[in-house]
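Subject: Structure handover

Hello,

Here is the structure for your files. My notes on what turned up in it follow below.

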Amino acid sequence: MATHKLLLLAGDGIGPEVMAEVKRVIGWLEARGIAAFAVEEDLVGGCAYDAHGAAISDAAMERAKAADAILLGAVGGPKWANVPYEARPEAGLLRLRKELALFANLRPALCYPALADASSLKREVVEGLDILIVRELTGGVYFGEPKTILDLGNGQKRAIDTQVYDTYEIDRIGRVAFELARTRRNKVTSSEKHNVMRSGVLWKEVITALHAKDYADVELEHQLADSLAMQLVRWPKQFDVIVTDNLFGDILSDIASMLTGSLGMLPSASLGAVDPATGKRAAMYEPVHGSAPDIAGRGIANPIAMIGSLGMALRYSFGLGEVADKIDAAIAGVLAAGHRTADIRAPGGPIVGTQDMGAAIVAELDKLSA
Ligand code: IPM
Ligand code: MG
């Protein structure tokens with residue numbers, strides 16, 4: 001059996017608590033002889049700053065580059081509000097994305113039937129929802145230069161961020177979206193602001209040309225990002241795959257998370273290009289939620305997005321799609337059986353803690369494998 005090199009970067013806040021539940025599932029997979037892992041751990045975010053004065057050390061970056069896949073918990077918290085901008089916890093995450101060239105961020109939003117009432121939207125709007133946001137992750141305004149604050153010398157300052165996209169960046173993320181759509185309901189919605197942004201004009205042009213050239217069998221529509229945000233809360237089931245840039249993808253995926261009941265439910269995969277020599281691709285998996293400092297250390301965080309991220313690693317990095325399906329089924333099973341962390345609690349219903357939820361998922365995996 002192949003041994004998969006896995007780097008765990010639990011990070012800050014609730015990161016270590018939810019990562020502990022991933023370790024529980026890893027332990028189960030190994031004990032059952034389903035998969036073998038060589039697991040390493042390191043620091044990222046505020047905890048890395050405390051230890052090394054940087055949001056991720058060069059040594060941790062080397063480990064990340066050597067790993068078959070990285071699992072990341074969450075970064076950030078009020079403790080580091082005043083550290084230098086270059087060393088803020090988020091910088092560790094952004095360095096990993098950029099240096100590993102993880103340009104394709106897959107954020108599935110799935111509404112489990114048992115959770116349709118946990119969403120702030122009506123049951124009929126979200127029940128059975130299954131959409132996939134494909135967010136461009138290494139370009140756009142997150143990384144564009146210049147990115148600075150200038151002192152104009154007259155008591156005024158000027159802040160500059162640069163939104164920039166090259167043809168190849170739009171083309172490769174478009175390909176990821178069209179390919180994934182073919183495995184689903186065969187529809188792509190591309191989103192930008194071509195009515196006010198030059199980058200939006202090019203985005204639309206490149207996606208349209210790519211569609212005509214290689215993916216004419218897939219249904220393609222374009223929606224302005226503001227209108228798409230509105231449609232996401234009006235009738236989200238009209239969507240299958242949504243492809244969009246780094247900043248719009250950040251915002252739209254937070255909106256999409258609430259359709260599923262809680263931000264604590266959404267896993268994500270960040271993938272690089274496949275290396276033609278080895279057939280491998282750099283990959284990092286992380287929950288969409290943040291470090292939730294307000295509830296950190298209390299054992300009440302929802303570990304489902306983190307465990308779901310391990311599932312995505314099994315699917316996209318290790319060729320273990322069937323095992324990933326089983327993890328998804330176990331999550332659906334515990335939810336159907338009424339296990340709820342505080343964020344997805346039914347009104348007046350009982351609440352379980354982080355560890356109880358992890359244990360329940362493993363028990364369900366046992367049941368499904370019996
Ligand atoms: C996300 C997060 C990050 C982002 C932050 C933590 C830098 O919000 O992954 O969506 O903006 O990309
Ligand atoms: Mg975000």
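**Helix packing**

Helix 8 (residues 225-234) and helix 9 (residues 246-259) have axes that come within 10 Å and cross at roughly 10 degrees. With an angle under 35 degrees counted as roughly parallel, helix 8 is therefore roughly parallel to helix 9. On the helix 8 side the contact consists of Ala225, Leu228, Ala229, Leu232 and Val233, and on the helix 9 side of Phe248, Leu252, Ile255 and Leu259. Sorted by class, this contact has nine nonpolar residues, no polar ones and no charged ones. Please keep in mind throughout that this is a predicted model.

As for how such pairs are reported, two packed helices are described by the angle between their axes and the distance between the axes. Helix 10 takes part in two of the pairs in these notes, with helix 1 and with helix 11.

Helix 1 (residues 15-31) packs against helix 10 (residues 304-316) with the axes 8 Å apart and at an angle of about 45 degrees. That angle makes helix 1 oblique to helix 10. The crossing of helix 1 with helix 10 is right-handed. Helix 1 contributes Val18, Met19, Glu21, Val22, Val25, Ile26 and Leu29 to the contact, and helix 10 contributes Met306, Ile307, Leu310 and Leu314. The class count here is ten nonpolar, no polar and one charged.

For helix 10 and helix 11 (residues 321-336), the axes come within 7 Å and cross at roughly 160 degrees. Angles over 145 degrees count as roughly antiparallel, so helix 10 is roughly antiparallel to helix 11. This crossing is left-handed. From helix 10, the residues Ile304, Ile307, Gly308, Gly311, Leu314 and Arg315 meet Gly321, Val323, Ala324, Asp325, Ile327, Asp328, Ile331 and Leu335 of helix 11. By class, the contact of helix 10 with helix 11 has eight nonpolar, three polar and three charged residues.

**Ligand 1**

Which residues are around ligand 1? They are Glu90, Leu93, Arg97, Arg107, Arg135, Tyr142 and Asp250. For Arg97, a side-chain N or O atom is 2.7 Å from an oxygen atom of the ligand. For Arg107, a polar side-chain atom is 2.8 Å from an oxygen atom of ligand 1. The side chain of Arg135 has an N or O atom 2.8 Å from a ligand oxygen atom.

**Backbone points**

Most residues other than glycine have a negative phi, and most peptide bonds are trans.

The peptide bond between Glu145 and Pro146 is cis, with omega about 0 degrees. Pro146 belongs to strand 6 (residues 144-151).

Asn186 is not a glycine, yet its phi is positive, at about 65 degrees. Where does Asn186 lie? Its place is the loop between helix 6 (167-182) and strand 8 (187-192).

Regards

Technical notes. Residues are numbered from 1 along each chain as its sequence is written. Chains are lettered from A and ligands numbered from 1 in the order in which they are written. This is a predicted model: local features need pLDDT of at least 70, side-chain atom pairs count only at pLDDT 80 or more; totals for chains, interfaces and linings use all residues. Side-chain values use heavy atoms; hydrogens and water are left out. Axes are lines fitted to C-alpha atoms, for helices over the stretch in contact, and angles run from 0 to 180 degrees between N-to-C directions. Helices (H or I, at least four residues) and strands (E, at least two) are DSSP runs, numbered from the N terminus. Angles under 35 degrees count as roughly parallel, over 145 as roughly antiparallel, 65 to 115 as roughly perpendicular and the rest as oblique. A crossing is left-handed if the near helix is turned anticlockwise from the far one by less than a right angle, and right-handed if clockwise. Contact means heavy atoms within 4.5 Å. Ala, Val, Leu, Ile, Met, Phe, Trp, Tyr, Cys and Pro count as nonpolar, Asp, Glu, Lys and Arg as charged, and the others, Gly among them, as polar. A residue is near a molecule or strand if one of its heavy atoms lies within 4 Å of it. A polar contact is a pair of N or O atoms within 3.5 Å; within protein, one must be able to donate a hydrogen and the other to accept it, and residues adjacent in sequence count only if both atoms are side-chain atoms.
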